[in-house]
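Keep the viewer open while you read, and take the points in order.

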Amino acid sequence: MDVPFSSSGALSRRHYALVRSVESAATVQEVDKYLMAEIQSMRSSLTSRNLTPALCKEYLVILLYCFNTIEHGFTSGLLDFALPHAVTLAETGKTIEQKRIGYLFCSELMQSDNELQLMLVNTVRKDLDNSSIARICLALEGVIALPSQYLAPAVHSRVQELLSHNSPQIRRRAIHASRNLSERESNILVSTFEVLLKRLNDPDNVVINAALSAISSPTFRDSLGAQQLFAIKAVIQGLAFNEVNEGQLYHQRALLTLSAIGPLDEDKITPLCEYAHHSAKTRHLSMLWTSFHLLSRYPIGQLKANFDKSPISYIRDLLAAEDPNLHYLFLTCLGSIDAVFWAGSTETLPTVLEASEVEKIMQFIDSLDSCIRIKTLQVLMAVDPNILDTVYARLLQALSHETNIKKRDEYITRLLEVVTTKTADNGELYAQMVMKLLSSSDGALDTTPISEVAIEKILSHLQYAGPAFQVNCAAALIASVAEEQLKLGPTVMVVISALVTQYSKYIPISLSAMLSGLASRLPGTPPPVQDACILTMLWLSADCEVASDVQEIIAKVHDQAGQHIRKRCNQFRSLFQEKTILHNIIKASHSNTLPDFLMSLESYESEIGQGIKPEPHSSAIKSNELHDSKLRYDAYDAPHSTPKLRVLKHAQRWASPATESNSLVMSATPDTQGVCDQTNEPLLMMADPAPRVDLIAFDQPSSPLVSESTFMSVWKSMENSDCDMRGWSDKAVPDLIRKLEMNENMTFEMIPEDEQPFYGEAKLMITIGQEEIVALKLRKSEEDGTLWRLRSERAELRERLKVVLT
C-alpha cells in the first residue's frame with residue numbers, strides 16, 4: 001500500500017496503520033492476526049473516559065472494517081461489546097454522519113432478538129418524529145435494516161404517516177420500511193392499501209418503483225382480497241401498457257409486478273410481442289428479456305392462437321453477434337419459449353432457425369464460457385434429451401483417452417454440467433450419475449490423482465440446491481460407503497467425507513455404520529483420502545462408539561503411513577473417547593463443514609501447546625475414588641451460591657503457605673458428581689468468604705516455592721537486552737500457566753504475585769531439559785489479557801516460549 005495518509009481517506013492514523021498492515025500482509029493468517037489484535041485493542045479504547053462521539057464513530061468504522069475483512073476467527077458475538085456504543089452514537093451523535101455510523105453498525109451486527117433493540121426503538125421513534133429530512137431517512141433506513149419484533153408495534157403508525165410526506169426520499173423509504181415491517185406483522189402493509197394505490201400514481205418515479213416492489217411481495221399479495229387485487233391490477237396494467245410510460249424507470253418493474261400478482265390477460269400477448277420486437281431493434285436488452293419472460297408465463301394454446309409470427313425471429317441477429325453476453329441473452333430468450341414455436345418439431349409450426357443457426361447453437365456446447373455451455377444444454381434438453389446423451393458419451397470417450405491433468409479436469413467439468421442439466425431437481429439420480437462418472441474418471445486408485453475440480457463442482461452444486469435435493473443426494477452418496485462390494489474411487493470418497501459432517505443428521509443411516517464404512521476403505525487409499533476420512537471419523541466418534549475393528553484399522557494405517565497421516569491417526573486415537581472435548585471442538589467450529597472442523601481441531605491443539613495432549617478420558621472423578629481418597633480434613637458441605645473454580649496442578653503455588661494449609665478437598669455429592677463427569681476435570685469450590693480466598697483442592701504434593709533471592713539472582717544475571725523478550729496475551733494468567741505445564745520437558749517453580757520481588761506479578765523459574773533456565777514474569781493487563789516478560793540466554797528458547805505465551 002503506497003498511498004500516503006493524506007490521500008488514503010482514512011479517518012485517523014490508527015485507521016491508516018491498520019489498513020496498511022492488512023494490505024502489506026503476506027498471508028491471510030497474518031491479516032487475521034492484525035485484525036483480531038485490533039479488535040482486542042478496541043475493547044479498552046471504547047471504555048476510555050475520554051471517548052467522544054467523533055472517536056466513537058472512528059472506532060466503529062475500524063471495527064466494521066475488521067468485520068468485513070477478517071477471513072477466519074470471527075465468531076458470533078465477537079463485536080457485541082461495541083453494540084452499546086453504537087446505540088449510544090445513534091442516539092447522541094452530533095452530526096448526521098455520526099448517527100449514520102451508529103445505525104449502520106447496529107444493522108450490520110445486531111441480532112434481531114438482542115435486548116439492545118429496545119434502546120434502539122426509542123432512538124428510531126425520536127428520529128422519525130424529527131423535522132429533519134436527513135434524520136427521518138436515517139431512522140427509516142434503520143427500520144428497513146432491522147425490522148425487529150420490538151420495532152414493528154412501536155413505529156408502524158408513524159411510518160404509515162410518512163407514506164404521504166412531501167419528500168419523495170422519505171415516501172420511498174417509508175414504503176420499503178412498511179414492506180419489511182410486514183414480515184413481522186402481516187397486516188401492516190395491507191393497512192396501507194389505499195395509500196399504496198396513490199403512490200402508484202406518484203409524481204416521482206422512484207416512489208412508483210418502490211410501491212411496485214412492495215406490491216410484488218408474497219406477504220402483501222396473499223393478504224389481499226379479489227376486489228383489491230383487481231383494483232391494483234388495473235392500475236399496474238395502465239403503467240405497463242401505456243405508451244406514455246415506455247422508457248420510464250418503473251415501466252419494466254410494472255411488467256414484472258403484473259406477472260407476479262396473477263395470470264396475465266390473453267389480450268396482452270400481442271403488446272408483449274411488440275415490446276420484444278421493439279426492444280430487439282433498439283437493443284434494450286433488459287426489456288427484451290422481460291418481454292420473453294412474460295411470454296413464457298402463457299399456456300401454449302394461448303400463444304398458438306395469438307402468434308402471427310414467432311418472437312424468436314426478432315432475436316436471430318443476436319446469434320450472429322460476437323459479444324458473448326448477446327449469445328447468452330439469445331439462449332435465455334430461446335429457452336423461455338417452448339421449442340414447438342421454433343424447433344420445427346411439429347408439422348403445423350415450421351422451424352424458425354436456419355441450418356447454419358442451429359449449427360451455431362450446437363457449437364455453444366464447446367464454448368469457453370461455462371454459463372453459455374449450461375444454457376445451451378438446457379435449451380437442447382427441452383428439444384430432445386437424447387442430444388445430451390450423445391454429448392455425454394462424446395465427452396466421456398475423450399476423457400478416457402486424455403492423460404493431461406488440466407484437460408481431464410476440463411472434461412470432468414463439462415461432464416458434470418451435463419449431469420446437472422439431465423438430473424434437474426432429482427438429487428438421488430444426480431448422486432448415481434456422479435458416482436458412475438467418477439468411477440470412470442478415477443480409474444486405478446494408485447495412478448489417478450484426486451480431481452479437486454470435481455469435488456468443488458459437486459459440493460458447490462449441492463450448496464445452492466434445494467433442501468430436498470441436498471438430503472436425497474447426500475443420502476445416496478453416504479449410503480454407498482456401507483456397501484462393501486461397491487468400489488469407490490478417491491474423488492468420491494473425499495466428497496462423501498465432506499458430506500457426512502453436513503448431512504448425517506438428516507439421513508436414516510446410523511453414525512456407527514458410516515464410521516465403519518469409512519474405516520473399511522482406509523487401507524490402500526491415497527493419503528489425501530485417508531486424511532479426509534479420518535477427520536470425518538473423528539467427527540463421527542463424538543456421538544457414537546468406536547468398534548475395536550475400527551481401532552485396529554487406524555493402528556494399521558498408522559504403522560504404514562507417512563508423518564502427516566500418523567499425526568491424524570494419533571489425533572483419532574487420543575480423542576475418540578473424549579466426547580466432551582470433541583463436542584466442544586465441534587461447537588467451536590464456524591459451520592458444520594469439514595474444513596471448519598479441522599480449523600477448530602487445530603485451534604484446540606495450539607491452545608494446549610505443541611503435540612496432542614487432550615485431557616485424559618480417565619480423569620473423570622468417580623464417586624468411589626473420592627470416598628477412598630485421603631482428606632486432610634472432613635469436607636465442607638457443598639455450598640449452593642459460591643462460584644466454582646478450576647485449579648491446575650501448579651495452582652497451589654499461587655496461594656501463600658497459610659492459605660495452602662487451609663485448603664480442603666471436597667468429597668463428591670450426588671449434585672457435584674454429575675458435573676465432574678461432564679467436565680472430566682476436578683470440581684473445585686470456594687470455602688468460606690474470607691479476605692483471602694481459600695481454594696479447595698484435591699490432595700497432592702505441594703511443589704516447593706522458589707526463593708526471592710534465587711529468582712532475583714537469575715533475573716539480574718540476564719539483564720543483557722539480547723536476553724529479554726516481552727509481549728501480551730489475550731489469555732488470563734492461570735490459562736498461561738495451564739499452557740506451560742502441558743509441555744512435557746518443562747518444569748517450573750513459582751513466587752505468588754502478592755510476594756516480593758516485583759509485587760503484583762507472578763514469577764516463574766522454568767527449567768527446560770536438565771540445565772536450561774528461563775525466568776518469566778506474568779502480570780494481569782489493564783485489558784482482559786496478560787503482559788509477560790521473560791529472560792533467557794538462548795534465542796530458540798525465547799522463541800519457543802513466545803509461541804506458547806501468545
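1. Start with Phe572, which is buried: its relative accessible area is 1%, and the cut-off for that label is under 20%. Keep in mind that you are looking at a predicted model.

2. Phe572 has an aromatic partner, Phe576, and the two rings are stacked. Their centres are 5.5 Å apart, with 15 degrees between the planes. Phe576 has a relative accessibility of 8%, so this residue counts as buried too.

3. How many aromatic pairs does a search of the whole structure find? The search turns up five. One of them joins Phe241 and Tyr275, and here the ring centres lie 6.0 Å apart with the planes at 15 degrees, so this pair is stacked.

4. Phe241 has another neighbour worth a look. The charged end of Lys268 sits over the Phe241 ring, 4.9 Å from the ring centre. You'll find a charge over a ring elsewhere as well: the charged end of Lys777 sits over Phe758, 3.7 Å from the centre of that ring.

5. Next, a helix pair. Helix α4 (residues 53-69) packs against helix α6 (residues 96-109) at an angle of about 35 degrees, and the axes are 10 Å apart. The crossing of α4 past α6 is left-handed. On the α4 side, the residues making the contact include Leu60, Val61, Leu64 and Phe67; on the α6 side, Ile101, Leu104 and Phe105 are among them.

6. Finally, zoom out. The protein has 41 helices and seven strands. Of its 806 residues, 46% are buried. Taking contacts with a separation of 6 or more, 66% are between residues 24 or more positions apart. The accessible surface comes to about 39,900 Å², and carbon and sulfur atoms account for 50% of that area.

Definitions and conventions. Residues are numbered from 1 along each chain as its sequence is written. This is a predicted model: local features need pLDDT of at least 70, side-chain atom pairs count only at pLDDT 80 or more; totals for chains, interfaces and linings use all residues. Side-chain values use heavy atoms; hydrogens and water are left out. Rings of Phe, Tyr and Trp (its six-membered ring) pair if their centres lie within 6.5 Å; planes under 30 degrees apart count as stacked, over 60 as edge-to-face and the rest as tilted. Buried means under 20% relative accessible area, exposed over 50%, partly exposed in between (1.4 Å probe, protein chains only). A charge sits over a ring if NZ of Lys or CZ of Arg is within 6 Å of the ring centre and within 35 degrees of the ring normal. Helices (H or I, at least four residues) and strands (E, at least two) are DSSP runs, numbered from the N terminus. Contact means heavy atoms within 4.5 Å. Accessible areas come from the Shrake-Rupley method with a 1.4 Å probe; for residues, only the protein chains shown count as cover. Axes are lines fitted to C-alpha atoms, for helices over the stretch in contact, and angles run from 0 to 180 degrees between N-to-C directions. A crossing is left-handed if the near helix is turned anticlockwise from the far one by less than a right angle, and right-handed if clockwise.
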